[in-house]
Amino acid sequence: MTAASGSKDYGELMSPATEFFRMPFMSFIYERGWRQNFVWGGFPGPEKEFELMKGYLKPVLGGNIIDASCGSGLFSRIFAKSGLFSLVVALDYSENMLKQCYEFVQQESNFPKENFLLVRADISRLPFASSSIDAVHAGAAIHCWSSPSTGVAEISRVLRPGGVFVGTTYIVDGPFNLIPFSRLLRQNMMQISGSYTFLSEREIEDLCRACGLVDFKCTRNRGFVMFTATKPSQN
């Protein structure tokens, strides 16, 4: 397993939201209190989320999967231990998150390391060949990306025809979204501030469609949404 492809220096800077998760403190607390607080936003918890996503991932079980923006590898490790995938790639931009994931893996007995890889990469520049990946999961991640559209476009590029993208995020819906130009205003403010980008269900569906993904479905619980879309099969 390679946490950072041999590189030890990281001089490039990303948005504040991305840089926040590169802090050693964040990698330490992510599974020690931070992730548990997601329940207040409607996230049902890792076990229930995994059960939900298994239904969406059923067509590609047995294939390979990228856990994009994996953080400390909470779901990467669940995917690997489930035995449902031939290869699990834990991918994140934060070197400290990947180091924490590696430490968790080392602490587990009988972990299937032979089918598990750690890769440091930017979601907007995935180091995989086009049409080479069966599934991509991005848990509680898309709202942290500097450019959600670029990230989803890259995911679409690397997915094989029939490949599945499953993601979770916080949803933004309600009367505010009916105000003319509210979407443009919100996107501009997010770009200027470098903060999180929270989308509505319709915006997520439109984003997937614009990036060439079809058959959009989602499951919601208050502020939580799990969504999926598929790369069209070639006829």
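Predicted model: local features only at pLDDT ≥ 70, side-chain atom pairs only at ≥ 80, totals over all residues.
How many contacts beyond four places in sequence does the model have for residues 175-194, where pLDDT stays under 50? The count for this stretch is 19. Across the protein chain the average pLDDT is 86, and 82% of the residues score at least 70.

The overall make-up comes next. The protein chain contains 8 helices and 7 strands. It has 235 residues, and buried residues make up 51% of them. Among contacts with a separation of 6 or more, 72% are between residues 24 or more positions apart. The accessible surface of the chain is about 11400 Å², and carbon and sulfur atoms account for 57% of that area.

In soluble globular proteins, nonpolar side chains tend to be buried together. Here the largest nonpolar core has 34 residues, and the members that touch the most others are Met 53, Leu 57, Ile 65, Phe 79, Val 88, Phe 116 and Val 166. Several helices and strands each supply at least two residues of this core: helix 2 (24-34), helix 3 (46-57), helix 4 (74-82) and helix 5 (95-107) do so, as do strand 2 (87-92), strand 3 (116-120), strand 5 (159-170) and strand 7 (224-230). A separate second core holds 31 residues, including Val 152, Val 158, Leu 213 and Phe 227.

The whole structure has 12 aromatic pairs. One of them joins Tyr 30 and Phe 38 edge-to-face, with 6.4 Å from centre to centre and 85° between the planes. Both partners are buried: Tyr 30 has 10% relative accessibility, and Phe 38 has a relative accessible area of 10%. Phe 111 and Phe 116 make another edge-to-face pair, with the centres 5.1 Å apart and the planes at 85°. Phe 111 counts as buried because its relative accessibility is 8%, and Phe 116 counts as buried at 1%. Phe 116 is also one of the residues that touch the most other members of the largest core. Tyr 30 and Phe 38, for their part, belong to a cluster linked by ring pairs, together with Phe 43, Tyr 170, Phe 198 and Phe 224.

What about the cysteines? The structure holds 0 disulfides. For Cys 70, the closest cysteine sulfur is that of Cys 101, and the 5.5 Å between the two sulfurs is too far for a bond. A disulfide would need the sulfur atoms within 2.5 Å. Cys 70 is buried, with a relative accessible area of 7%. Cys 144 also counts as buried, because its relative accessibility is 14%.

Is Gln 234 buried or exposed? Its relative accessibility is 68%, so Gln 234 counts as exposed, the cut-off for that class being over 50%. In sequence, Gln 234 is 74 residues from Arg 160, while in space the two are 9.6 Å apart, C-alpha to C-alpha.

Key:
Residues numbered from 1 in each chain as written. Heavy atoms only, no water. Core = buried A, V, L, I, M, F, W, Y, C linked by side-chain atoms within 4.5 Å. Buried < 20%, exposed > 50% of the residue type's maximum accessible area, 1.4 Å probe, protein only. Helix = DSSP H or I, 4+ residues; strand = E, 2+ residues; numbered from the N terminus. pLDDT = per-residue confidence, 0-100. Contact = heavy atoms within 4.5 Å. Areas by Shrake-Rupley, 256 points an atom, 1.4 Å probe, with all protein chains shown as cover. Phe/Tyr/Trp six-rings, centres within 6.5 Å; stacked < 30°, edge-to-face > 60°.
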